[in-house]
Amino acid sequence: SSFSKDMVFVPHRSSTKASTRNNYDDKDNSDDIPDIQELRDQLSVNRYGNGLEQAEVALRKMFRWYSEGEESHRVNVVDCTKVIHSWTKSRRKDAPQRALSLLNEMVSMYESGRNKAVQPDVFTYTSVMNAFAQRGDVNGATRVFGMQVKDYKENQNFSAKPNIRTFTALINAWSKSGREDAPNGAQKILDVVDKWVDIGELDEGPTIVTYNCMISCWAKSNRPDAPRGAEKLLDTMIDKQKSGDLDESPNAVTYNSVMSAYAKQGDVVGAQKVLDRMQMDYDAGNKAAKPTIRSYSVLID
């Protein structure tokens, strides 16, 4: 199978599949059932800041009252993903588990046949992965990826098919993990991306965001070979952009990350050379490579 375990690198089964009954259930036992549009309005209004709790309560009311009936009057994947995405964007420590709890409930409702409209899609899974990735939780992000691939391959849920943003979320988890082996872990993911593109399982290859996350892995690793590893990826990006395999040129984030890799090794000369490359690229017409305050502060720091 093209989805062999060595390609997908899905770890052993874990506690990711949590009980759908949890401490986050709403406590409103009122018999008054609001209109579903009223609840959807509550989702939109309360999705940010201190309103997140209220948004989740509204969603769980929708789970309770609108899991059956006509399609237009049923809680669906868009409703759920809105709240999950909001948890992902929040700075709450429990955000990954809150997002995962909602995902698990969606999977349970969908697999049991109670509500096919909450079938998770690629945006749902990737949003939950991002919640873990932003906290550098490689294991958490990888477990959710395993759930996604299982849903796609075993359940034939084609709306859950991973895309390049899914893989970029995994690489981002490595970049924020602070682990010395982050470049190796991220490279394995990039290798899988290349394989999936080759066999037609992935429509789009690495983007500039993907490569920037890869470079960040090197820059933050503090490994002696970090500067060379980061600059090698910069060279790859430039080559792919020239050959048409990459839509965008390296930007300020790209160059600044490479410079940072040199600066962390105390190599001011190396960092200055990258800044020179950046300036030349900008002068040649790549407006995205315009040096920023960060570019110059890297040399000073």
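Is the crossing of H6 and H7 right-handed or left-handed? In this predicted model, the crossing of H6 and H7 is right-handed. That pair is a handy way into the fold, so let's start with the overall layout and come back to it.

**The overall picture**

The protein chain is built from 14 helices and zero strands. Read from the N terminus, the elements go α-α-α-α-α-α-α-α-α-α-α-α-α-α. Of the 301 residues in the chain, 51% are buried. If you take contacts between residues at least 6 apart in sequence, 68% of them join residues at least 24 apart.

**The core**

The largest nonpolar core holds 82 residues. Leu59, Leu103, Val128, Val144 and Phe167 have the most contacts inside it. Helix H5 (residues 95-111) supplies the largest share of this core, with nine residues. Take Leu59 as an example: leaving aside residues up to four places away in sequence, Leu59 touches Leu43, Val75, Asp79, Cys80, Val83 and Leu102.

**Two helix pairs**

Two packed helices are described by the angle between their axes and the distance between the axes. Here is how two pairs look on those terms.

| Pair | Axes come within | Crossing angle |
|---|---|---|
| H6 (residues 122-133) and H7 | 8 Å | roughly 165° |
| H11 (residues 226-243) and H12 (residues 252-264) | 7 Å | roughly 160° |

With axes crossing at roughly 165°, H6 is roughly antiparallel to H7. On the H6 side, the residues in contact are Val122, Tyr125, Thr126, Val128, Met129, Phe132 and Ala133. They meet Gly140, Ala141, Val144, Phe145, Met147, Gln148 and Asp151 in H7. Sorted by class, that contact has 10 nonpolar, three polar and one charged residues. Val128 and Val144, both part of this contact, are also among the residues with the most contacts inside the largest nonpolar core.

H11 and H12 are likewise roughly antiparallel to each other, but H11 passes H12 in a left-handed crossing. From H11, the contact uses Ala226, Pro227, Ala230, Glu231, Leu234, Met237 and Ile238. Their partners in H12 are Thr254, Tyr255, Val258, Ala261 and Tyr262. By class, the contact of H11 with H12 has 10 nonpolar, one polar and one charged residues.

**Some single residues to look at**

Asn172 is found in helix H8 (residues 164-175). Is Asn172 buried or exposed? Its relative accessible area is 13%, under the 20% cut-off, so Asn172 counts as buried. Not counting residues up to four places away in sequence, Asn172 touches Ala133 and Cys213. Ala133 is one of the H6 residues that meet H7.

Two loop residues deserve a glance at their backbones. Most residues other than glycine have a negative phi. Gln156, in the loop between helix H7 (138-153) and H8, has a positive phi near 55°. At 45% relative accessibility, Gln156 is partly exposed. Asn222 also has a positive phi, near 60°, and Asn222 lies in the loop between helix H10 (208-221) and H11.

Terms used
Residues numbered from 1 in each chain as written. Predicted model: local features only at pLDDT ≥ 70, side-chain atom pairs only at ≥ 80, totals over all residues. Heavy atoms only, no water. Core = buried A, V, L, I, M, F, W, Y, C linked by side-chain atoms within 4.5 Å. Buried < 20%, exposed > 50% of the residue type's maximum accessible area, 1.4 Å probe, protein only. Helix = DSSP H or I, 4+ residues; strand = E, 2+ residues; numbered from the N terminus. Contact = heavy atoms within 4.5 Å. Axes fitted to C-alpha atoms, helices over the stretch in contact; angles between N-to-C directions. Parallel < 35°, antiparallel > 145°, perpendicular 65-115°, else oblique. Left-handed = near helix turned anticlockwise from the far one by under 90°. Nonpolar A, V, L, I, M, F, W, Y, C, P; charged D, E, K, R; others polar.
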